[in-house]
Amino acid sequence: MSGTEKRSVEGIAGCAQICIIGAGSSGVAVAKALKDRGIAFACYETGSDIGGMWRYRNDNGMSSAYAALHIDTSRDNLGYPDFPIPKHLPDFLSHAQFLAHLEAYADHFGIRPLITFRTSVTEVSPMEDGRWRVSLSDGRVIPYRHVIIANGHLWDPRLPEFPGRFDGTTLHAHHYRTPDPFDGRRVLVVGLGNSAVDIAVDLCRRAAHVTISTRRGAWIMPKYLMGIPVDRWSATLSRRLRLPTRVTRMIMSRLIRLGVGDQRRFGLPRPAHPMWREHATLSQDLLPAIGHGRITVRPDIARLDGDGVVFTDGARASFDAIIYATGYRTSFPFLDPGLARQALGDESRPALYRRMLSPTCPGLAFAGLVQPIGPTIPLVEIQARWLASLLSGAMAPASPEDQRHEIRRHHDIQRRTWLDSPRYALEVDYRSYARQMTRDMARGRAGN
């Protein structure tokens, strides 16, 4: 960054009333939406460049990307609506390819010079006049009227607690990068989500053997069905035929059963719940790897046992390493724990209006704190425009009572639709959620 650009950024930071924390795919989208509205803001990023989790080995220390990572959303459903991903790129982008696209997006819209890099937000606390005191790693303390938190929710590892002791190597999937350290070793991967399966498949070509341990199983969905990315089938059913998400997913489960067969044949238990109640795990390679004997499936861990593990079926196996692909906590290290509880309520079911605003902490907003059935990036872009519309005054805010009512209704939908599990705490249905936000902006009023 040139001296002129640096002075420009510092000038904006000094006069802005809005602070954005983080410059990943969510923070950059919010910055672009505010810039489009002519709203001054300051955006702080711990690392030396944009990208968040998509920057492999990001020097902000928060990226969980591994070398073999490819995005599960296909190209045509992935990009920002006003900056589509070029057709010459593959159906499923690698982390490096998506990062290059994110950089092109930021540069095209002139966002990168507006971000203050290598600067962490160390504390956000309320002031008596309703503003928020933002403390920075360089020693500055700046008051802001609004703080938009976009620090991501896939970086703080959630580790299970099993009785016993394991003497081998243990790590969380957050710290996995390549299979090289596991050459010739017996590895247990705990979990059956997308990261667990990706890592197990990545390892099984180099490790002596790989075992997957799953507590309750998961539906395994191929990335391609009849040569077409599986999410394009879903998009056709839901958007073109206007079928409800639940019906779309029920149809998809039957198509996949026809295309793949019964996963129990591979030793994978069928979940007790229907596919529409959970996130299916996408993998084109898991079932063939199991079929070739490179991966074995076991039930949950009963206890750790020195150089091995005892499973709930009583079987024992020896391992050299355990990789826990057991999800992440939603964390905000710059918020006092009491303030975080006040702002979000229960971590297992955050109480945020439109999944963004805290009714109990006016001026505090969250971007990208969602886990959608459907693509994430386009949804975050709508969130960004929604926030910019609200902060510009183009959209009137909902009353506190309307906000609380909408939150209760969303929680009721969550309980009836998805499993009662931390994995689904941030779950939303892309279509209905996007429709809500778009309707709010069209009528100039946030409401129910």
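User: At what N to O distance do the side chains of Arg354 and Glu406 meet in a salt bridge?
Analyst: A salt bridge here is a side-chain nitrogen of Lys or Arg within 4 Å of a carboxyl oxygen of Asp or Glu. This is a predicted model, where local features need pLDDT of at least 70, side-chain atom pairs count only at pLDDT 80 or more, and totals for chains, interfaces and linings use all residues. Residues are numbered from 1 along each chain as its sequence is written, and side-chain values use heavy atoms, leaving out hydrogens and water. For Arg354 and Glu406, the N to O distance comes to 3.1 Å.

User: How many residues apart are Arg354 and Glu406?
Analyst: Helices (H or I, at least four residues) and strands (E, at least two) are DSSP runs, numbered from the N terminus. Arg354 sits in the loop between helix H9 (337-344) and strand S23 (364-366), while Glu406 belongs to helix H11. That pair links distant parts of the chain, with a separation of 52 residues.

User: Is Arg354 buried or exposed?
Analyst: Buried means under 20% relative accessible area, exposed over 50%, and partly exposed in between (1.4 Å probe, protein chains only). Asp440 has a relative accessible area of 0% and is buried, and Glu406 is buried too. Arg354 also has a relative accessible area of 0%, which means that Arg354 counts as buried.

User: How many residues apart in sequence are the parts that Asp72 and Lys223 tie together?
Analyst: Their side chains meet in a salt bridge at 3.5 Å, N to O. Asp72 is in the loop between strand S2 (42-44) and helix H3 (75-78), and Lys223 is in the loop between strand S13 (220-221) and strand S14 (224-225), so the pair spans a sequence separation of 151 residues.

User: How many salt bridges does the structure hold?
Analyst: Side chains of opposite charge can pair when their charged atoms come close. Some of these pairings join up, as in the network of salt bridges linking Asp49, Arg55, Glu103, Asp107 and Arg112. For the whole structure, the number of salt bridges is 30.
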